[in-house]
Amino acid sequence: MLGILLSSLLPAQERQVVYKTVTDISYTRSDDAYARERCKLDVYYPENLTDCPVVVWFHGGGLTSGNKSIPGKLQDCGMVVVAVNYRLLPKVDIAACLDDAAQAVAWTFREVGKYNGNSRKIFISGHSAGGYLTTMLGLDKTWLAKYDVDADSIAGLIPFSGQMISHFAYRQMQGIPNLQPTIDRYAPLFHVRKDAPPLVLITGDREIELFGRYEENAYMWRMMKLAGHPETYLYEIGGYDHGAMAEPAFHILRQHVKRILGE
């Protein structure tokens, strides 16, 4: 008890930060059995810090597989991390995936204060399919508006190797092959706008990425710039393929969180 009291008297930067994880919190309003099974999230947070930045993390898996986890590179960083499961294709359509993601972000805005997070410091990120969900929620404001959240209140969007055209799994369900690109309302590129939150686009090496993933992101970067968006950034991580690029990308994420928050 005395040790805890003495620790509390130390300057914040010298205290030992204690982290806790709460798992399988339901965020859905649906009574659907599959939604009740999948629509859960984990929260990793520092117990003895306050006013913390928050990263909502969406897993990858092509919208057809994958499960939530707290990325190791986001642990012990003084941040709250919210790791999200969502329903998957082909059991649902892509609108359900996006709606689940929006509900999870809305839950975070409402509840993160209970976990020492600051709702004005919420960043959205994810790898591959998670990067796609990140960008869609931040650019197409209708998904979050349904849950009374203004997408522009997100502090930053940091997709890792996300699709910027219509997602390939969604196209496959329509009989469209991987190498036939389309851009419709389910493409982040369809929703380019100058007043979006800061956007940090990160991909692996263009020569070993999936299906022109770097070029999709480069086109998004260019179109956002042409639209007048002041804070769009593009990174290509040389020598890293689609899966491996996530590890070094976390360094870029952390640096932009600090930059955006002025730390």
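Predicted model: local features only at pLDDT ≥ 70, side-chain atom pairs only at ≥ 80, totals over all residues.
Let's begin with confidence. The chain has a mean pLDDT of 95, and 94% of its residues reach 70 or more. Where is the mean pLDDT lowest among the elements? That is helix α1, residues 2-8, with a mean of 42, while strand β6, residues 156-160, has the highest at 99.

Now to the helix pair. Helix α3, residues 94-111, packs with helix α4, residues 129-139, at an angle of about 75°, and their axes are 10 Å apart. Roughly perpendicular counts as 65 to 115 degrees, so α3 and α4 are roughly perpendicular to each other. On the α3 side the contact is made by I94, C97, L98, A101, A102 and V105, and α4 brings Y132, L133, M136 and L137. By class, that contact has 10 nonpolar residues, with no polar and no charged ones.

Next, the backbone. The peptide bond from L89 to P90 is cis, with omega near 0°, and P90 sits in the loop between β4 and α3.

Two non-glycine residues with positive phi are also worth a look. L63 has a phi of about 65° and is found in the loop between β3 and β4. D148, at about 60°, lies in the loop between α5 and β6. Buried or exposed? L63 has 0% relative accessibility and therefore counts as buried; D148, at 74%, counts as exposed.

Definitions and conventions
Residues numbered from 1 in each chain as written. Heavy atoms only, no water. pLDDT = per-residue confidence, 0-100. Helix = DSSP H or I, 4+ residues; strand = E, 2+ residues; numbered from the N terminus. Axes fitted to C-alpha atoms, helices over the stretch in contact; angles between N-to-C directions. Parallel < 35°, antiparallel > 145°, perpendicular 65-115°, else oblique. Contact = heavy atoms within 4.5 Å. Nonpolar A, V, L, I, M, F, W, Y, C, P; charged D, E, K, R; others polar. Buried < 20%, exposed > 50% of the residue type's maximum accessible area, 1.4 Å probe, protein only.
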